[in-house]
Amino acid sequence: MKNIVVLISGNGSNLQAIIDACEQKRINGTIRAVFSNKDDAFGLERAREAGIPQHALAASQFASREAFDRELMHEIDAYAPDVVVLAGYMRILSADFVQHYHGKLLNIHPSLLPKYPGLNTHRQALENGDTEHGTSVHFVTEELDGGPVILQAKVPVFDGDDEDEITSRVQVQEHAIYPLVVGWFLDGRLKMQDNHAWIDGVRLPPAGYAADE
């Protein structure tokens, strides 16, 4: 059974989707541990209820981002992860951390990358009058939200929508596609090579699997 480590900062709804997928055998793996940079993150309670070891590390205890990440890597590596999954982890990772888990570090971002990297993506979609929005699962590289896209899901934006409505609509798709991608990776179907995502030996286009092109 393959080992999964998940990093969170908040509610952990994507963590829950992955927990459920593991329990339902839709993912051929086990979540060995959940880490958070916030000791009050509700996702830690989700892990506790599922019987998964959970850990919180406070940045205030460390002299630098690099020192924090070194300790985090040390603790993650104790679980021998086959994949490290960022599920609403809101800290920017150091270059050393990204390189240490090169090719096995996944993230989900609430926009159709490369559109709207960073924060406040739903607000930007509304302010720009977008009629389409969505979410992207991608490999993590040193470029913020810039790694190769694996899979995207699109949602409509309707007149009169607010951020909460768009958030809910996007999260439904996130909870469907993130466990799917984690499963692909642990089944050996998915890899990152030459800064591109590949599935079943085929290089994916910039928008990922099932792209329009």
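Which residue forms a salt bridge with Lys-115? That partner is Asp-130, and the closest N and O atoms of the two sit 3.3 Å apart. Keep in mind that you're looking at a predicted model. Across the whole structure, a search turns up five salt bridges, and here's a quick tour that takes in Lys-115 and Asp-130, Glu-163 and Arg-123, and Asp-200 and Arg-189. Side chains of opposite charge can pair when their charged atoms come close.

**Lys-115 and Asp-130**
- Lys-115 sits in the loop between β5 (105-109) and α5 (121-127), while Asp-130 is in the loop between α5 and β6 (132-139), so this pair ties together parts that are 15 residues apart in sequence.
- Lys-115 is partly exposed, at 41% relative accessible area.
- Asp-130, on the other hand, is buried, at 12%, because anything under 20% counts as buried.

**Glu-163 and Arg-123**
- These two also make a salt bridge, with their closest N and O atoms 3.2 Å apart.
- Glu-163 belongs to helix α6 (residues 163-186) and Arg-123 to helix α5, so the bridge links parts that are 40 residues apart in sequence.
- Glu-163 is partly exposed at 32% relative accessibility, and Arg-123 is partly exposed with a relative accessible area of 37%.

**Asp-200 and Arg-189**
- Here the side chains meet in a salt bridge at 2.7 Å, N to O.
- Asp-200 lies in the loop between β9 (196-199) and β10 (202-203), and Arg-189 in the loop between α6 and β8 (190-193), so the pair ties together parts that are eleven residues apart in sequence.
- Arg-189 is partly exposed, with a relative accessible area of 31%.

How values were computed: Residues numbered from 1 in each chain as written. Predicted model: local features only at pLDDT ≥ 70, side-chain atom pairs only at ≥ 80, totals over all residues. Heavy atoms only, no water. Salt bridge = Lys/Arg side-chain N within 4 Å of Asp/Glu carboxyl O. Helix = DSSP H or I, 4+ residues; strand = E, 2+ residues; numbered from the N terminus. Buried < 20%, exposed > 50% of the residue type's maximum accessible area, 1.4 Å probe, protein only.
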